[in-house]
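Dear colleague,

I am handing over the structure we spoke about, with its sequence, so that you can look at both side by side. My notes on what was found follow below.

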Amino acid sequence: MNNRSIKAGHQERPRRRARQSPELLRRLLRAKDSIDKASHEVWPVRRLARVSGVSEAHFARSFKDAFGIPPHRYLLTRRIERATALLRETSLSITDVAFQTGWDSLGTFGRTFRDVTGESPGAFRLREKAAVQERQGQMPVCFLKASNRPDLTIAVLEKRRRASKDNNAG
């Protein structure tokens, strides 16, 4: 077995979650709450570690162990959730939505949005507007929002890789 297959095999095995102290979990929640309150802001690991009062490496590892996803992916989830809500509920331009949700580039926003949701922000807005008219009065809004929450259990780059592989195979 070569190094490449060992590494690939290791990546496919689920990680066991380390048991973390209540104090560390409180610190991690402080960082997670900071992201939730201001997901439009820049949140590098250094800043989040400072909020938590732990080292950068310990923070990144502990955050993933505690919440199941890395801090950057959690931030992307929050930004995409906010962007989908703004696209669905406001008439803000897509550029304004991108900047209000923390992206510095409209292109990066559009590409990431498409990778996560499977459609462009414009197409998402059109589909949602039509669906809202069709479903009005049939289902509580909280259930609709929960059903449209982005799934970022795998990295965006991994989604792109898989999509590219599927397109090349077919």
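This is a predicted model: local features need pLDDT of at least 70, side-chain atom pairs count only at pLDDT 80 or more; totals for chains, interfaces and linings use all residues.

If residues up to four places away in sequence are not counted, T84 touches F113, T117 and F124. T84 and N148 are 64 residues apart in sequence, yet from C-alpha to C-alpha they are 8.4 Å apart in space.

As for the chain as a whole, it has 10 helices and 0 strands, so that from the N terminus on its elements read α-α-α-α-α-α-α-α-α-α. Buried residues account for 32% of the 170 residues in the chain. Among contacts between residues at least 6 apart in sequence, 60% join residues that are at least 24 apart.

Two further buried residues may be of interest to you when you look at the model. T112 is found in helix α7 and is buried, with a relative accessible area of 6%; not counting residues up to four places away in sequence, T112 touches L76, I80 and W103. S62 lies in helix α4, which takes in residues 56–67, and S62 is also buried, with a relative accessible area of 4%. Leaving aside neighbours within four places in sequence, S62 is in contact with Q20, L24 and L28.

Next come two helix pairs. How do α2 and α3 lie to each other, and at what angle do they cross? The axes of helix α2 (residues 22–37) and helix α3 (residues 45–52) come within 8 Å and cross at roughly 130 degrees, and α2 and α3 are therefore oblique to each other. The crossing in which α2 passes α3 is right-handed. On the α2 side the contact is made by R27, L28, R30, A31, S34 and I35, and on the α3 side by L48, V51 and S52. Sorted by class, this contact of α2 with α3 has 5 nonpolar, 2 polar and 2 charged residues.

The other pair is formed by helix α7 (residues 106–117) and helix α10 (residues 156–169), which pack at an angle of about 70 degrees with their axes 9 Å apart. An angle from 65 to 115 degrees counts as roughly perpendicular, and α7 and α10 are therefore roughly perpendicular to each other. Their crossing is left-handed. R111, D115 and V116 of α7 make the contact with V156, K159 and R160 of α10, and by class the contact of α7 with α10 has 2 nonpolar, no polar and 4 charged residues.

With kind regards

Conventions. Residues are numbered from 1 along each chain as its sequence is written. Side-chain values use heavy atoms; hydrogens and water are left out. Axes are lines fitted to C-alpha atoms, for helices over the stretch in contact, and angles run from 0 to 180 degrees between N-to-C directions. Helices (H or I, at least four residues) and strands (E, at least two) are DSSP runs, numbered from the N terminus. Angles under 35 degrees count as roughly parallel, over 145 as roughly antiparallel, 65 to 115 as roughly perpendicular and the rest as oblique. A crossing is left-handed if the near helix is turned anticlockwise from the far one by less than a right angle, and right-handed if clockwise. Contact means heavy atoms within 4.5 Å. Ala, Val, Leu, Ile, Met, Phe, Trp, Tyr, Cys and Pro count as nonpolar, Asp, Glu, Lys and Arg as charged, and the others, Gly among them, as polar. Buried means under 20% relative accessible area, exposed over 50%, partly exposed in between (1.4 Å probe, protein chains only).
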